Amino acid sequence: MADPKGFLKFGRELPSRRSVEERKKDWLEVYLEFPKDKLRNQAARCMDCGIPFCHQGCPLGNIIPDWNDLVYRGRGKEALAELHATNNFPEFTGKLCPAPCEAACVLGINQDPVTIKRIEETIIMQAWEEGWVHPEPAETQTGKTVAVVGSGPAGLAAAQQLSRAGHSVTVFERDDKIGGLLRYGIPDFKMEKWVLDRRLAQMEAEGVVFRTSVNVGVDITAQELQAQFDAVVLAGGSTIPRDLPVPGRELDGVEFAMDYLPQQNRKVAGIWDDSKPQINAEGKKVVIIGGGDTGADCLGTAHRQGATEIYQFEIMPKPPTERDSTMPWPNYPMIYRVTSAHEEGGNREFAVNTKEFIGENGSLTGLRAVRIEFKVGEDGRRKMVEVPDSEFVLEVDLVLLAMGFVHPQQEGLLNDLGVNYDDRGNVKADTKDYATNVEGIYVCGDMRRGQSLIVWAIAEGRECARSVDTYLTGSSELPLAGANRPVALV
């Protein structure tokens, strides 16, 4: 462990964010560099808790106390080795994960938890700067071929693990660039794309082949895919957005968040065709429907595009600011959080249900909504009830639907392969071997578990790779991940 009294000496501290007015003028990441002495103090707060519940909180099973101790002692290379032992892409999770590990930190029972996420990010970013991260190609090749369909975090994790096991791996992506939502979903102010490109270059040096602009199921049929590869990993994500089927939904100006965000990512990357119309919030009154991470991404993007007024509607009531009896430690608490995008402005409204979109000549001009509350009915279940006389009409030029995703796209590849689906419409497979009902076809990430966190996607990609490796060779030396990896209690 680090300093035995560190948690008594130092309080929780995070890097400062750039000023709101400065960062709204660009698309660069919002956080300033964290001084090394402050980082060391934060690592020192990791206490001798006996049983590190952060292991349980992290789907990857990151060995958090170990690399906290190494950071405190200034042993960066060893900290990197511990970090990479369980996580292929700590720079992605360090920037984008909501840190369920911190929610499970023992110190967090009655104090602020250790700044695990920030320490993780700093380890890997320093490692890249110092030149400690190198390609790790397999020493021998198995002669087996694997296709990975989808290049989000689950697909990339599976691909890297399988390539390092000696298999020839080809990653197929229907977009023009690799990365999935990391590329065309996450705004640059949360993760600049050079961070992604740097890791992809490492994977290419390890032998992974990336094929972009290939719609598997169309450009390559399901049968051709099965014939050309010894195994297939489905990692296409949960891509069908949840819609809002109310009157006026067809009006111009009512858009899905995941039609809106990728366009701006392309614009920032300099690859947007300016001859095409862009969904743009500049000079508009905007309503974002959905209070999650995607909604916050839309909020920060609309700020930078120059929206005149922004509302964000969430149908659920405003959550508490601290844990209550419904979310005991070490469970991840659904509490009120303020992201950098919320800090930048906008009107955040809870318990609001949109009932109708209003328009003229086919274009959106407003919406009609009502305030709601949840009451327990006679059957003991909570029910949504409209608050009397609370209906209102709001003038609006652009509505962004950010209500999550329902399941993967079934039409095309998945139906052609003949895979089974679960009750929610996801590809059916268990977490023991990630195998579908079709021989040689495996699935991981959001396509299997439904919309989830980046850390779960990477964990499932790693676990799925181990199962595929076992299928192809009879055994696997790839490590277990997360809950399946035994943790020594010391």
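This is a predicted model: local features need pLDDT of at least 70, side-chain atom pairs count only at pLDDT 80 or more; totals for chains, interfaces and linings use all residues.
1. Five strands, in the order E3-E2-E1-E4-E16, make up an open sheet. Their pairing is parallel. Strand E3 (209-211) and strand E16 (441-443) are the edge strands, and each of them pairs on one side only. From one strand to the next, the twist averages 20°.

2. The pairing of E4 with E16. Strand E4 covers residues 231-234 and is joined to E16 by 3 bridges. The two strands run parallel. Within this pair, Leu 234 stands opposite Val 443 of E16.

3. Helix H10, residues 153-164, lies across strand E1 (145-149), strand E2 (168-172), E3 and E4. The direction of H10 is at about 165° to E2.

4. Ser 213. This residue is found in the loop between E3 and helix H13 (222-228). Ser 213 counts as partly exposed because its relative accessibility is 46%, and the range for that class runs between 20% and 50%. If neighbours within four places in sequence are left aside, Ser 213 is in contact with Glu 173, Arg 174, Asp 175, Asp 176 and Asp 219. Glu 309 is 96 residues from Ser 213 along the chain, and the C-alpha atoms of the two are separated by 37 Å.

5. The sheet with strand E7. Another open sheet has 5 strands in the order E6-E14-E7-E8-E9, with parallel pairing. The edge strands here are strand E6 (254-256) and strand E9 (347-350), each pairing on one side only. On average, neighbouring strands of this sheet are turned by 20° against each other, with direction ignored.

6. The pairing of E7 with E8. Strand E7 spans residues 285-289 and is mostly covered, as 4 of its 5 residues are buried. E7 and E8 pair in the parallel sense over 5 bridges. Ile 288 has Gln 312 in E8 as its bridge partner, and the partner of Val 286 in E8 is Ile 310.

7. Helix H14 (residues 257-269) lies across E6 and strand E14 (398-401), and runs at about 75° to E6.

8. A surface patch. Ile 315, Met 316 and Met 384 form a nonpolar patch on the surface. Together they have about 240 Å² of accessible area. Met 316 is placed in the loop between strand E8 (309-314) and helix H16 (340-343). With a relative accessibility of 37%, Met 316 counts as partly exposed.

9. Helix H3 and Gln 42. Which residues of helix H3 (residues 36-44) are buried? They are Leu 39, Gln 42, Ala 43 and Ala 44. The cover over the buried residues of H3 includes helix H1 (6-9), helix H5 (64-72) and helix H9 (116-130). Gln 42 has a relative accessible area of 2% and is therefore buried, the cut-off being under 20%. Apart from neighbours within four places in sequence, Gln 42 is in contact with Gly 11, Arg 12, Glu 13, Phe 34, Val 114, Thr 115 and Ile 119.

How values were computed:
Residues are numbered from 1 along each chain as its sequence is written. Side-chain values use heavy atoms; hydrogens and water are left out. Two strands pair if DSSP finds at least two bridges between them. Axes are lines fitted to C-alpha atoms, for helices over the stretch in contact, and angles run from 0 to 180 degrees between N-to-C directions. Contact means heavy atoms within 4.5 Å. Patches are made of residues with over 30% relative accessible area and no salt bridge: like charges are joined within 9 Å, nonpolar side chains (Val, Leu, Ile, Met, Phe, Trp, Tyr) within 5 Å. Accessible areas come from the Shrake-Rupley method with a 1.4 Å probe; for residues, only the protein chains shown count as cover. A salt bridge is a side-chain nitrogen of Lys or Arg within 4 Å of a carboxyl oxygen of Asp or Glu. Buried means under 20% relative accessible area, exposed over 50%, partly exposed in between (1.4 Å probe, protein chains only).
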